Amino acid sequence: MSRIAYVNGQYVPHDQAAVHIEDRGYQFADGVYEVCEVTGGRMVDERRHMARLVRSLGEIRIAMPMSLAALGVVLRETIRRNRVHDGFVYLQVTRGVARRDHYFPDPSTPPSIVVTARAADPRKADAQALQGIAVITTPDNRWGRVDIKTVGLLPNVLAKQAAKEAGAREAWFVDAEGRVTEGGSTNAWIVTQDGKLVTRQADNAILRGITRTVMMEVAEKLQLRVEERAFTVPEALAAKEAFVTSATNFAMPVVRIDGKPVGEGRPGPVARALREHFHETAEIAG
Ligand code: PMP
């Protein structure tokens, strides 16, 4: 089956889908995006992802390209046309096409919008979760507003590639004070020896992950305590468990950091429980 993409008002074959060379997303990374899980053909946490999109666009002063209701229709139609049962839907909005110039283009310039969807086998991620993943650490060299979900992901790309070349799956960014901010495409968590969940407070130094937010609710239901504060790499190594969260990973155990084992070096019960209960708490759209 051929894939279909939505580009600026049209559904087009994926291999012919294109934006203009002077799209500001291409030239300046002047745009934002969202990735939403699809399960059983339905979007997970659409409401929260759309709220974050609205916030990201507002922070960089790009107008919503269409109403949320219309966007919901496009997302569903893209999922449907690609026959995605389990997988992800990707949405990107940029400041549009204009002659290359740093200043914002004329306000009449329409934002560009692209939506794609692809299938992913959830059993693969489940198999990975039984093994856990390794992470490396790297200095956080990103800009000061990573709370905005912009397509400017070069530091994340370089960090994740370094992780891959080191035989790891994720890179944890570490700030100038030696505290973990987040992963290249995930939020970072530990479980302390006294059973508390710790994840960094959602300020400008991290993206407030939708999965992070939902996991806090899952933790509450499981009667686990959550502390929002920064932690260091030595603290993570001395923890009972570590894990990362994202729409593509749910809760994924971290068993090694820079080659050293976390706790007993095996996935632990807290990450497993959070993973198992995630979809009971996430909002699954119609
Ligand atoms: N941090 C970063 C840098 C990310 O790219 C992502 C995934 N987009 C996350 C955290 C996790 O966010 P979410 O749970 O909304 O997928």
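**Note on the ligand site and overall fold**

1. A backbone N or O atom of I210 lies 2.8 Å from an oxygen atom of the ligand. This is a predicted model. A polar backbone atom of A247 is 2.9 Å from an oxygen atom of the ligand. Taken alone, the ligand exposes 390 Å², and the protein buries 93% of that.

2. K149 contributes through its side chain. One of its polar side-chain atoms sits 2.3 Å from a nitrogen atom of the ligand.

3. The shell around the ligand holds 17 residues. K149, E182, I210, T211 and A247 are the closest. By class, the shell has four nonpolar residues, 10 polar and three charged.

4. Which elements each supply at least two residues of that shell? Strand 9 (180–183) does, and so do helix 6 (210–221) and strand 13 (241–246).

5. Now the fold. The protein has 15 strands and eight helices. Take contacts between residues at least 6 apart in sequence: 71% of them join residues at least 24 apart.

6. The overall dimensions can be checked against a simple rule. A compact globule of 286 residues would have a radius of gyration near 19 Å; the protein has 19 Å, which agrees. The C-alpha trace spans about 55 × 40 × 35 Å along its principal axes.

7. Last, burial and surface. Of the 286 residues, 48% are buried. The protein exposes about 14000 Å². Carbon and sulfur atoms supply 53% of that area.

Definitions and conventions: Residues numbered from 1 in each chain as written. Predicted model: local features only at pLDDT ≥ 70, side-chain atom pairs only at ≥ 80, totals over all residues. Heavy atoms only, no water. Near = heavy atom within 4 Å. Polar contact = N/O pair within 3.5 Å; in protein donor to acceptor, adjacent residues only side chain to side chain. Areas by Shrake-Rupley, 256 points an atom, 1.4 Å probe, with all protein chains shown as cover. Helix = DSSP H or I, 4+ residues; strand = E, 2+ residues; numbered from the N terminus. Nonpolar A, V, L, I, M, F, W, Y, C, P; charged D, E, K, R; others polar. Rg over C-alpha atoms; globule rule 2.2 N^0.38 Å. Buried < 20%, exposed > 50% of the residue type's maximum accessible area, 1.4 Å probe, protein only. Contact = heavy atoms within 4.5 Å.
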